[in-house]
Amino acid sequence: MLEILVAVLAFFRAIALASEPSNFEQRTSFAAADNAPSLNVSSCPGYTVVSEQHFTRGLIIQLALGGPSCDAFGRDIQNLTVEVTYETLTRLHVNIYDSEKAQFTIPPDVIFLSSGEDDATLTTRSDLTFHYTSRPFEFWIMRRSDPHGTPLFDTRAQSLPPTPIPPVIPTDNGTALDGFPLVFEDQYLQLTSALPLGANVYGLGEVLASSGFRRDVGTNGGVGTVQTMWARDSPDPIDENIYGSHPIYLEHRYDERTKRSKSHGVFHFGAAGTDIMLLTPPASPVSLIQYRMVGGTLDFYFFSGPSPQKVIEQYGALVGLPTWQPAWGFGFHLCRWGYRDVNDTRDQVLKMREANIPLEVMWNDIDLYHALRDFTTDPVSFPPDQMTTFIGELTANHQHYIPIVDAGIAKLVNASDVYDPYTRGNELDVWMKNPDGSEYLGQVWPGYTVFPDWFANNTRVLWTEALRNWSSSGVNYSGIWLDVNEPSSFCIGSCGTGANLTAATIPTMFFPGTPGNLVTEYPEGYNATIWGPSGNITINGTLTFGNHTVSKSLSKRGLGAAADPDANLNSPPYALHNADGFLSTHTVSTNATHANGVVELDVHNMWGIMEEKTTHLALLDIHPGKRPFLISRSTFPSSGKWTGHWLGDNISKWQYMYLSIQGVLQFQLFQIPFVGADTCGFQGNTDEELCNRWMQLSAFMPFYRNHNVRSALSQEPYRWDSVANASRTAISIRYSLLPYWYTLFANASLHGSPPIRALFFEFPDEPELFAVDRQYLIGRDLLVTPVLTPNVSTVDGIFPGQGRVIWRDWYTHKVVDAAISTNTTLNAPLGHINVHIRDGSAFLLYDKPAYTIEETRQSPFSLLVSQAADGYAFGTVYLDDGESVPPTPNTTLTISARKGEVVVRPSGDYEIAQVLEKVVVLGAASERPSFVSINGLIVKQWDFDVSLQRLVISGIEVGLHQSPVVITWH
């Protein structure tokens with residue numbers, strides 16, 4: 001991958017050097033050496049309080065610089081304002097900004113945040129309290145209920161270790177800590193808070209963290225974390241900044257004295273490039289978090305929880321709740337870069353049907369395009385009339401189609417060229433520009449490209465027209481896939497300015513699978529020298545994984561600073577830990593300019609969300625009343641209002657299957673719950689065993705798509721018999737659970753509740769669970785324990801509850817004899833994924849899962865109840881038509897149980913046509929009942945298994961849409 005990317009960049013660098021100079025300049029902020037920034041905050045004076053004024057919901061504090069300017073990485077701003085607002089009982093807003101309001105802040109028409117409640121009593125009733133000192137200004141946040149406890153956020157120097165501190169991470173000089181004053185400069189802001197030693201911190205992404213879902217704060221053998229917020233197109237490196245930016249963290253604190261835990265959350269609302277450091281200096285009694293930003297303001301929100309789920313919900317109430325997903329989105333999706341034409345694409349649909357592996361949505365990558373241009377189809381390989389026919393076939397079979405949309409729009413290269421999206425965009429004046437007002441020209445797959453300016457007045461008009469015209473031309477899509485929207489550009493600066501535009505097309509030699517760039521490495525762990533050329537999981541009955549060779553990486557396809565004449569737009573004096581180094585590498589340059597005068601340096605991280613919002617609104621216009629379905633790569637706070645997410649261009653390795661779990665857990669916290677990985681891996685060659693295990697794992701994740709790179713080994717699930725069998729089994733369970741999935745996501749859209757949960761979310765007082773990320777819960781009631789390593793037939797997993805919870809096997813209904821607070825070894829032969837049911841749960845299932853979601857939704861229902869020892873069980877089910885934008889008719893079923901009774905109560909105006917045909921109650925009784933009745937009528941067709949305490953009622957047809965259903969047994 002890296003070799004290919006380097007070659008692409010070298011090619012374009014050669015073109016750029018041969019062209020006229022671009023408008024990309026390496027400006028320097030300071031003309032003379034004695035005015036250069038000191039690059040050291042040790043002499044920064046902090047700020048002192050000048051005045052304080054109370055208002056209905058809080059207070060306003062005016063600050064002045066506390067001494068001579070230090071100008072560490074920019075120019076100190078003399079006067080600041082601190083607004084402290086008690087917005088709800090559980091949310092406190094602390095906003096520190098320059099009093100002149102010259103720094104860039106995110107416009108509310110781009111991201112709207114809830115302002116909370118207009119309630120003057122919140123200042124005395126809030127769960128959180130704000131405290132500060134005046135000289136210097138330092139603040140800390142407490143729980144009202146624990147006024148003498150450890151602060152939740154504490155910027156006081158007395159709470160932090162003495163400075164200066166040499167680099168805490170020895171290999172990174174940027175982790176030296178010269179001091180902890182409040183620094184607020186035009187191009188550098190710094191704020192530091194103490195954390196409890198070894199704090200349990202989660203979030204701060206997007207990242208593939210080597211430490212796992214729980215972040216490394218520099219204790220217990222860790223070195224600490226530097227999380228950079230700078231959206232970057234890079235194929236899933238570990239411990240580096242990647243596609244999205246989410247400066248929100250959840251901290252979970254366990255009290256050894258009370259054996260109880262509480263969670264809280266901290267969110268920084270800003271788009272500036274940022275380093276967030278989690279460090280523990282040597283011999284320090286505390287850990288710390290430090291924010292370093294190259295612009296913007298210090299705009300913080302604090303959430304009191306006190307449970308992990310409440311923190312996530314409170315964050316959602318602020319930034320916006322997730323978009324409603326259409327029911328069909330929960331089906332299985334299939335894609336690859338490399339389907340040659342419409343017939344090749346159709347063949348996958350037919351072969352999946354022949355193998356009886358359910359396929360809900362067929363996708364196409366950039367192979368679809370004519371000349372690699374957005375909103376087109378190739379007239380030879382994907383002619384519009386044949387696409388119309390193909391998509392019509394999918395629709396007739398209750399299936400769906402999704403194409404890709406890349407970020408860059410091709411520039412017209414000669415007078416005879418025709419490309420309406422570009423021409424129309426010129427008419428509407430919607431492209432990003434150079435500082436001199438000329439067109440900014442980067443380079444992506446089609447060659448020289450322009451980029452939509454989402455701040456321009458007419459960009460939504462262009463985008464909606466382009467999507468509508470594409471659909472009308474034959475690509476009658478059901479949803480849209482937004483890729484490379486960091487945005488990605490293969491050259492530095494406006495390299496097309498003055499260049500020979502006809503020389504800009506990407507040479508096909510850079511595509512995986514073309515001569516000189518073949519994807520030829522064997523699957524991970526396979527040694528062809530020993531086992532020969534087959535690449536099989538076994539040779540003569542012997543497992544082949546384990547003779548590891550290093551494989552080459554593969555190709556990835558791939559106001560504010562503008563108003564400040566002294567701002568260094570291209571190389572801010574503080575160097576972020578961007579893994580690509582120079583901020584403009586592989587993306588639109590930081591001095592590119594938007595219609596409102598804002599420069600890309602200030603808004604780079606928001607490019608993806610602005611595209612997502614525009615696309616979502618366009619789909620609402622094109623498909624009125626239907627829920628838009630979007631999957632996007634680059635995300636930002638509140639992206640979940642508009643889109644789902646896939647975890648990017650992962651690698652076909654066992655490690656990346658494991659990493660997908662932490663990725664999905666991160667995005668539950670980020671309020672983008674509809675998320676999943678490229679199943680079986682995108683880059684490189686997968687193998688049968690890895691794909692078998694991964695197809696099972698992803699069936700128990702929200703977004704379920706198999707996708708791989710051009711020229712790699714085909715990995716559609718029908719390719720191997722064992723993978724086909726495992727897929728059929730897992731998908732059947734997934735589809736039967738659709739009412740459960742659908743309800744979890746309704747709760748996400750209504751309340752912000754996370755559908756996928758780390759074990760400690762549900763069992764917060766069990767420290768042994770705080771680092772677990774090889775297992776997870778779907779909702780509160782299903783525990784998933786996947787196999788994440790090769791060559792094994794067992795898997796270790798912990799069962800939460802410390803012996804107080806009954807866990808039953810999904811498949812056999814047997815009670816697990818689980819070890820307490822430690823791992824239990826479970827059988828896990830190839831083709832089997834362990835799923836366990838929590839006691840006290842109740843599920844409405846589709847009793848006859850079918851090939852598509854639409855057909856499955858016509859299935860009769862069954863009821864599965866897993867009673868606790870006292871007979872308790874509870875569950876809710878949300879039902880509607882599965883596609884209309886709410887508000888829409890809906891019905892909620894409430895299922896409750898006690899000893900000898902289960903009751904189902906409907907409430908709502910959506911008519912449930914399907915009947916209840918089967919009831920299974922686990923833990924029903926210790927001995928066989930003498931009779932069973934439904935709504936007072938004796939039921940004759942039932943069975944009881946004493947060993948499982950399982951009551952099974954069958955052969956019934958009970959309606960669920962009117963009066964309660966009462967099931968009793970004695």
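User: Why is Cys 491 called buried?
Analyst: In this predicted model, Cys 491 has a relative accessible area of 5%. The cut-off for buried is under 20%, so Cys 491 is classed as buried. Cys 495, at 2% relative accessibility, counts as buried too.

User: What makes Cys 491 and Cys 495 a disulfide?
Analyst: Their sulfur atoms are 1.8 Å apart. A disulfide requires cysteine sulfur atoms within 2.5 Å, so Cys 491 and Cys 495 form one.

User: Is the disulfide of Cys 491 and Cys 495 right-handed or left-handed?
Analyst: The torsion about its S-S bond is about -70 degrees, so the disulfide is left-handed.

User: How many disulfides does the structure hold?
Analyst: The structure holds 3 disulfides. With bonded cysteines counted along the chain, their pattern is 1-2, 3-4, 5-6.

User: How do you know that Cys 335 is in no disulfide?
Analyst: The nearest cysteine sulfur, that of Cys 680, is 13 Å away.

User: What makes Cys 680 and Cys 691 a disulfide?
Analyst: The sulfur atoms of Cys 680 and Cys 691 are 2.1 Å apart, and the limit is 2.5 Å. The torsion about this S-S bond is about 75 degrees, so the disulfide is right-handed. The pair links distant parts of the chain, 11 residues apart: Cys 680 lies in the loop between strand E29 (678-679) and helix H12 (688-698), and Cys 691 in helix H12. Cys 680 has a relative accessible area of 0% and is buried; Cys 691 is buried at 0% as well.

User: Why is the disulfide of Cys 44 and Cys 70 called right-handed?
Analyst: The torsion about the S-S bond is about 75 degrees, so the disulfide is right-handed. Cys 44 sits in the loop between helix H1 (2-18) and strand E1 (47-55), Cys 70 in the loop between strand E2 (58-65) and strand E3 (79-88), 26 residues apart. The sulfur atoms of Cys 44 and Cys 70 are 2.0 Å apart. Relative accessible area is 9% for Cys 44, which is buried, and 8% for Cys 70, also counted as buried.

User: Why is strand E14 called largely enclosed?
Analyst: In strand E14 (residues 274-279), 6 of the 6 residues are buried, so the rest of the structure largely encloses the strand. Thr 274, Ile 276 and Leu 278 point one way, while Asp 275, Met 277 and Leu 279 point the other way.

User: How do you know that E14 and strand E15 pair?
Analyst: Pairing takes at least two bridges, and E14 and E15 (residues 286-293) have 6, in the antiparallel sense. The bridge partner of Thr 274 in E15 is Met 293. E14 also pairs with strand E11 (residues 225-229), antiparallel over 5 bridges.

User: What makes helix H10 mostly covered?
Analyst: Of its 16 residues, 12 are buried, among them Trp 607, Met 610 and Leu 619. What covers the buried residues of H10 includes helix H7 (459-472) and strand E26 (630-632).

User: Why is Gly 648 called buried?
Analyst: Gly 648 has a relative accessible area of 1%, against a cut-off of under 20%, so the label applies. Gly 648 lies in the loop between strand E27 (644-646) and helix H11 (654-669), and touches Asp 236, Tyr 243, Arg 633 and Asp 678, not counting residues up to four places away in sequence.

Note on methods. Residues numbered from 1 in each chain as written. Predicted model: local features only at pLDDT ≥ 70, side-chain atom pairs only at ≥ 80, totals over all residues. Heavy atoms only, no water. Buried < 20%, exposed > 50% of the residue type's maximum accessible area, 1.4 Å probe, protein only. Helix = DSSP H or I, 4+ residues; strand = E, 2+ residues; numbered from the N terminus. Contact = heavy atoms within 4.5 Å.
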